[in-house]
Amino acid sequence: MPEKLTLIEKYREHLPVTDKTPIVSLGEGGTPLVPAEHLPALLGVPKMRLFFKLEGLNPTGSFKDRGMTLAISKATEAGSRAVICASTGNTSASAAAFAGKAGLKCYVILPAGKVALGKVAQAILYGAKIVQVNGNFDQALQLVREVAEEYAITIVNSINPYRLEGQKTAAIEIVEKLGRAPDFVFIPVGNAGNISAYWRGFKLCQDSGMCQHRPRMFGFEAEGAAAIVKGAPISNPETIATAIRIGNPASWQEAVKAAHESNGQIDSVSDKEILYAYQLVAHQEGIFCEPSSAAAIAGLIKKVKAGLIPEQAFVTCVLTGNGLKDPDTAIKVGEKEIATIEPTLTKLKEAIEL
Ligand code: F0G
């Protein structure tokens with residue numbers, strides 16, 4: 001059986017690599033594009049062609065792996081010995097895994113108490129040096145920028161140009177799978193890198209003749225962290241969707257440009273809307289995504305209600321991270337429904353209402 005190509009090998013012609021670039025891969029990319037079964041009818045647009053891009057099926061459970069394979073490969077090529085990132089969790093897990101494989105030291109700076117359990121577990125086990133700051137992601141990223149100015153450490157946040165180049169491959173995969181571009185893309189926005197990367201990817205597809213048109217890009221911040229929507233940085237961002245708890249997105253301008261050029265929008269959704277979408281997609285479609293990823297679905301619901309989505313539109317929701325990363329939130333929303341019984345048949349029958 002032929003070996004599966006790495007992401008970098010597959011999209012080599014579109015990526016800033018040469019034959020000399022050592023490839024550090026964990027089998028990233030090639031994630032499923034799964035059609036929705038029940039949501040279109042439930043939302044009142046039964047003919048909508050809705051697909052979920054399951055980025056939580058990447059090796060460390062989020063889309064970050066697409067950019068990280070490139071960032072770490074290029075850091076290795078450049079002779080870097082250490083990498084560093086600030087993170088709301090997923091970047092740290094991905095950086096730690098790829099750096100570990102490449103034999104690089106990895107430092108991760110996290111906002112204390114605000115990172116989902118599974119992501120901290122990953123960073124620990126992949127062997128990163130972890131520091132928590134009593135502050136938010138934006139402060140952590142500022143510190144990372146400062147320390148990297150003084151020391152020879154490569155930043156692997158999405159301000160590293162290779163990160164977005166790698167992440168744009170997800171858009172290419174969508175076009176390859178559908179044989180066309182979607183009409184609409186719904187995607188969560190935190191540091192605003194991913195929406196920018198997708199837009200690059202879709203533009204590339206159109207420019208290279210892989211598709212005729214480009215989608216409208218709709219990005220969603222969490223209401224308590226909606227700096228772009230409000231038009232000013234937020235010093236104390238707050239949301240249940242901790243992955244996008246960011247008050248001063250680094251790729252702000254490029255994300256605004258993506259929304260503008262594509263005739264889309266950066267909008268926000270509330271924690272309540274996020275939690276509703278989070279449970280709905282799990283119940284109805286069998287997809288366990290992170291709360292932050294559910295912001296994309298909450299955004300879709302909002303735009304369907306606003307009458308924005310035509311009957312037969314092709315729509316893709318980017319589900320950026322695996323729900324298993326944040327077991328606390330899942331348990332919090334459903335724990336009260338778990339019955340605990342004595343181990344007897346009678347009690348069991350009562351409990352399952354037979
Ligand atoms: N969804 C998930 C699951 C994320 O982890 C992130 C960002 C986003 C969406 C937003 O993507 O930042 O490119 O707009 N997580 C970063 C991190 C900030 O540190 O893991 P973005």
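At what angle do α12 and helix α14 pack, and how far apart are their axes? The angle is about 90°, and the axes of α12 and α14 (residues 327–334) are 12 Å apart. This is a predicted model, where local features need pLDDT of at least 70, side-chain atom pairs count only at pLDDT 80 or more, and totals for chains, interfaces and linings use all residues. Residues are numbered from 1 along each chain as its sequence is written, and side-chain values use heavy atoms, leaving out hydrogens and water.

**α12 and α14**
- α12 is therefore roughly perpendicular to α14 (65 to 115 degrees counts as such).
- Leu275, Tyr278 and Gln279 of α12 meet Thr329, Ala330 and Val333 of α14 (contact means heavy atoms within 4.5 Å).
- This contact has 4 nonpolar, 2 polar and no charged residues.

**α12 and α13**
- Helix α12 (residues 271–285) packs with helix α13 (residues 291–305) at about 95°, with axes 7 Å apart.
- That makes α12 roughly perpendicular to α13.
- The α12 side of the contact includes Glu273, Ile274 and Tyr276. Pro291, Ala294 and Ala295 are among the residues on the α13 side.
- By class, the contact of α12 with α13 has 12 nonpolar residues, no polar ones and 1 charged.

**Ligand site**
- Around the ligand are 21 residues (a heavy atom within 4 Å counts as near). Asn90, Asn191, Ala192, Asn194 and Thr320 come nearest.
- The side chain of Ser87 has an N or O atom 2.8 Å from a ligand oxygen atom.
- Thr88 places a backbone N or O atom 2.8 Å from an oxygen atom of the ligand.
- A ligand nitrogen atom lies 2.6 Å from an N or O atom in the side chain of Thr320.
- Taken alone, the ligand exposes 480 Å², and the protein buries 99% of that (Shrake-Rupley method, 1.4 Å probe).

Definitions and conventions:
Axes fitted to C-alpha atoms, helices over the stretch in contact; angles between N-to-C directions. Helix = DSSP H or I, 4+ residues; strand = E, 2+ residues; numbered from the N terminus. Parallel < 35°, antiparallel > 145°, perpendicular 65-115°, else oblique. Nonpolar A, V, L, I, M, F, W, Y, C, P; charged D, E, K, R; others polar. Polar contact = N/O pair within 3.5 Å; in protein donor to acceptor, adjacent residues only side chain to side chain.
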